[in-house]
Amino acid sequence: MYASACDGTTAQTAIDLRSDTVTRPSAGMRAAMASAPVGDDVYGDDPTVKVLEKRAAHLLGKEAGLFVSSGTQSNLVALLSHCGRGDEYIGGKGYHIPKYEAAGAAVLGGISPNHLALNETGGLNADDVEAAIQPDDPHFAVSRLLCLENTFNGQVMDQDGLEAAAAVAHANGLAVHLDGARLMNAAVKSNRAAAHLVACADTVSLCLSKGLGAPVGSVLTGPKDFIAKARRMRKLVGGGLRQSGVLAACALYALENNVDRLREDHDRAYRLAARLAALDGISIDLSTVHTNMIWLRLDGLADAAVCDHFAARGLVVANPSGKDNLMRIVLHLDIAEDHLDQIVEAFETYLAKVQT
């Protein structure tokens with residue numbers, strides 16, 4: 001859900017609830033950026049980038065890492081490195097790669113998508129993965145890769161389910177890539193090491209510019225030979241960066257300072273969800289509020305002015321979408337405890353206005 005505010009503007013002082021990508025660098029992060037030693041990363045000379053890549057790879061239990069500009073670029077480079085033209089990847093309907101990444105794998109890589117229905121937990125059933133793998137027949141694309149995701153819509157994926165799907169893929173000769181855009185939310189919520197959560201995946205994309213608060217960047221991790229190929233693919237899609245240590249320094253600061261505090265976002269989101277769920281006119285399944293996202297329905301309402309109502313109260317929200325008026329609220333490090341009353345009050349007054 002990537003809708004912007006109704007008037008297209010966001011004041012610096014606004015409480016922005018659209019996504020955890022809207023965070024602004026803290027003073028400590030800006031200081032780290034200003035003091036970062038840098039080189040030319042295209043030549044492999046940037047020391048701060050090298051530190052970040054090694055640290056992210058170690059965090060995820062992989063051999064090597066590659067710093068890229070975005071999660072979309074990380075996933076694209078991964079698919080281009082795993083698959084050739086005419087190959088196929090298997091993924092889930094509604095996952096980020098097929099839904100929000102401009103069909104880059106198909107457009108730029110000639111990679112055929114095969115999107116499966118999700119189960120009740122947002123994962124892929126191992127039996128469905130098995131059935132989707134193409135036979136060795138020239139009539140069909142070659143199934144080469146399984147793409148998984150954790151978290152999905154803020155929910156921590158069932159670990160047994162992830163591992164079962166990955167095991168089927170590996171048994172049939174497919175590699176496994178995991179989009180871990182909010183993987184650290186999953187690790188914090190489940191009280192498990194990130195490396196444990198992704199041990200079943202050959203490659204993993206970790207985004208630093210969402211809940212962790214860095215302004216830019218993701219790290220693609222995997223085997224050394226794979227990352228060497230991915231580095232070439234990064235250059236192919238225009239992702240070679242020069243003195244990118246100033247950005248890597250923000251990512252390092254995020255990993256060192258902003259992981260454990262994700263618990264605050266999770267706890268705050270659940271408490272906010274419980275308060276909103278108690279309001280007449282809002283439906284929330286509290287069992288789905290695992291981390292920092294709240295999905296709610298404004299029952300029976302289709303008022304396009306909802307964004308304007310919130311903006312007048314210093315809040316930025318995405319307009320409800322779809323026939324069910326589904327709305328996403330995302331908490332992050334710029335949302336403080338004392339903002340919750342303001343958020344609840346905005347919903348209360350909006351509902352009072354439309355229900356009279």
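I take buried to mean under 20% relative accessible area, exposed over 50%, and partly exposed in between, with a 1.4 Å probe and protein chains only.

I am working on a predicted model, so I keep to pLDDT of at least 70 for local features and 80 or more for side-chain atom pairs, while totals for chains, interfaces and linings use all residues. I number residues from 1 along each chain as its sequence is written, and side-chain values use heavy atoms, with hydrogens and water left out.

Aromatic pairs.
I paired rings of Phe, Tyr and Trp (its six-membered ring) if their centres lie within 6.5 Å, calling planes under 30 degrees apart stacked, over 60 edge-to-face and the rest tilted. I counted 3 aromatic pairs. One of them joins Phe310 and Tyr350, a tilted pair at 6.5 Å centre to centre with 45° between the planes. Phe310 sits in helix H13 (residues 306-311) and Tyr350 in helix H14 (residues 340-355), so this pair ties together parts 40 residues apart in sequence. For helices I used DSSP runs of H or I with at least four residues, numbered from the N terminus. I looked up accessibility next: Phe310 is buried at 0%, and Tyr350 is buried at 0%. Ring pairs link Phe310, Phe347 and Tyr350 into a cluster.

Cysteines.
I searched for disulfides (cysteine sulfur atoms within 2.5 Å) and found 0. For Cys200, the closest cysteine sulfur is in Cys147, 13 Å away and too far for a bond. Cys200 is buried, with a relative accessible area of 13%. For Cys207, the closest cysteine sulfur is in Cys250, at 13 Å, again too far for a bond. Cys207 is buried at 4%.

Methods. Helices (H or I, at least four residues) and strands (E, at least two) are DSSP runs, numbered from the N terminus.
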